[in-house]
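Take a look at the model below. The text after it starts at a single residue and then widens out to the whole chain.

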Amino acid sequence: MPRETAPTGEYGFNPNQGVDWSDYLTFRPVYPPSFFEKAFTYHSQKPHAAWSVAQDIGAGCGIVSSSLAPRFNDVIVSDPNDGYTALARRVLVEESCLSESRFRFLQESAERSSVQSGSVDFIMACECIHWTRPNVAIAEFARELRAGGTLVITHYNYPRIVGNERAQRAWEAVCSFYAGEVHDPMLDHALRILNSGTEALGFPVEDWEGVKRLYVNAQGTIEAFKINDRIGESQVRDGEEIVWEENDADWMDEQDCDWFRGYSSTWTTPSVSESEINPLWDEMERAFEGKKVKTATPLAMVFATKRHS
């Protein structure tokens, strides 16, 4: 039976799209300890929370897996893309010197997993749910989790510039330009999920309970996650907990204009005309006046518990 995939039959964030992990690790935000503590705190508040098996969905080079390993006995590292689980193994085992016996590396999609039903205590899907069919993937997560197990899905948007309105307008123009050049069905599908600030993710009550949606540095609005007007329909249900947290210093920084250029290089976007994009970067340079600017990154985290039958 064929695998369930994203709409185009190709997996997102793959090497064919020019993904460069060295750029990603250099310019993307580093997950701070508080990020994982939010997830572990949600999990630990349950009466019978288990810490045996965790799974890192869309693991890439194993960034999240490295922080799951100290808390769980075993970590499943899964990603559908060619070469990514081998890369994760090299980073986690050979470079970080973690015991290989603690990990299970699987090249497979989020929508169809070989993991045994009801065998996982904790699943994290960070910066990847938009490359899936979320309703199919979330149903598969429910199958894999033990009753009472935890699912955490996260997404951060590009950083907002704080205290320099001209630079923020210029940065928004750059981001909008790139988004406007998206005509690929897979990227269009991804944008509809990202623009919703994860509100487009639904958690059927027959499978899930205790749904909590946490928004950090979003200024009290889902607009903080909106890149353009392609947006999926909200699946938020009555009774779900909605929490807003502002001025989280762990998701704030100071950066120069070259860093923003580097950040944009981590996007899986189509090639753009230099003659059209360069004037926008030039305006950013002028707005920065050779200085660094303060940044605040909006973060969305969705927590859910597998319901007991």
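Alanine 88 is buried: its relative accessible area is 0%, and the cut-off for buried is under 20%. This model is predicted, so the values here are computed from it. Alanine 88 sits in helix α4. What does alanine 88 touch, leaving out residues up to four places away in sequence? Its partners are Gly60, Cys61, Gly62, Val77, Val93 and Phe105. Glutamate 140 lies 52 residues from alanine 88 along the chain. Their C-alpha atoms are 23 Å apart.

Helix α4 covers residues 84-95, and a loop runs between this helix and strand β3 (103-106). Cysteine 97 lies in that loop. Is cysteine 97 buried or exposed? Its relative accessibility is 64%, so cysteine 97 counts as exposed, because exposed means over 50%. Alanine 88, by contrast, is buried.

Now turn to the backbone. Most residues other than glycine have a negative phi. Cysteine 97 has a positive phi, near 60°. Asparagine 247 also has a positive phi, near 55°. Where does asparagine 247 lie? It is in the loop between β8 (241-245) and β9 (252-255). Asparagine 247 is exposed, with a relative accessible area of 64%.

Next comes a stretch named in a record. UniProt, in an unreviewed entry, places the feature "domain: Methyltransferase type" at residues 56-153. Over residues 56-153, the chain is 28% helix and 28% strand. The end C-alpha atoms of this stretch are 10 Å apart.

Step back to the whole protein. How many helices and strands does the protein have? There are 9 helices and 11 strands. The radius of gyration is 19 Å, close to the 19 Å that the globule rule gives for 309 residues, so the protein is as compact as a globular protein of that length. Along the principal axes, the C-alpha atoms fill a box of roughly 55 × 40 × 35 Å.

The contacts tell of links along the chain. Take those in the protein with a separation of 6 or more: residues 24 or more positions apart account for 81% of them. Of the 309 residues, 53% count as buried.

The surface comes last. The protein exposes about 13800 Å². Carbon and sulfur atoms supply 47% of that area. The protein has 29 positive and 47 negative charges.

Terms used
Residues are numbered from 1 along each chain as its sequence is written. This is a predicted model: local features need pLDDT of at least 70, side-chain atom pairs count only at pLDDT 80 or more; totals for chains, interfaces and linings use all residues. Side-chain values use heavy atoms; hydrogens and water are left out. Helices (H or I, at least four residues) and strands (E, at least two) are DSSP runs, numbered from the N terminus. The radius of gyration is taken over C-alpha atoms; the globule rule is 2.2 Å times the number of residues to the power 0.38. Buried means under 20% relative accessible area, exposed over 50%, partly exposed in between (1.4 Å probe, protein chains only). Contact means heavy atoms within 4.5 Å. Accessible areas come from the Shrake-Rupley method with a 1.4 Å probe; for residues, only the protein chains shown count as cover. Lys and Arg count as positive and Asp and Glu as negative; His and the chain ends are not counted. The place of a charge is taken as NZ of Lys, CZ of Arg, CG of Asp or CD of Glu. UniProt positions are given in the numbering used here, feature names are shortened, and annotations may be inferred rather than shown by experiment.
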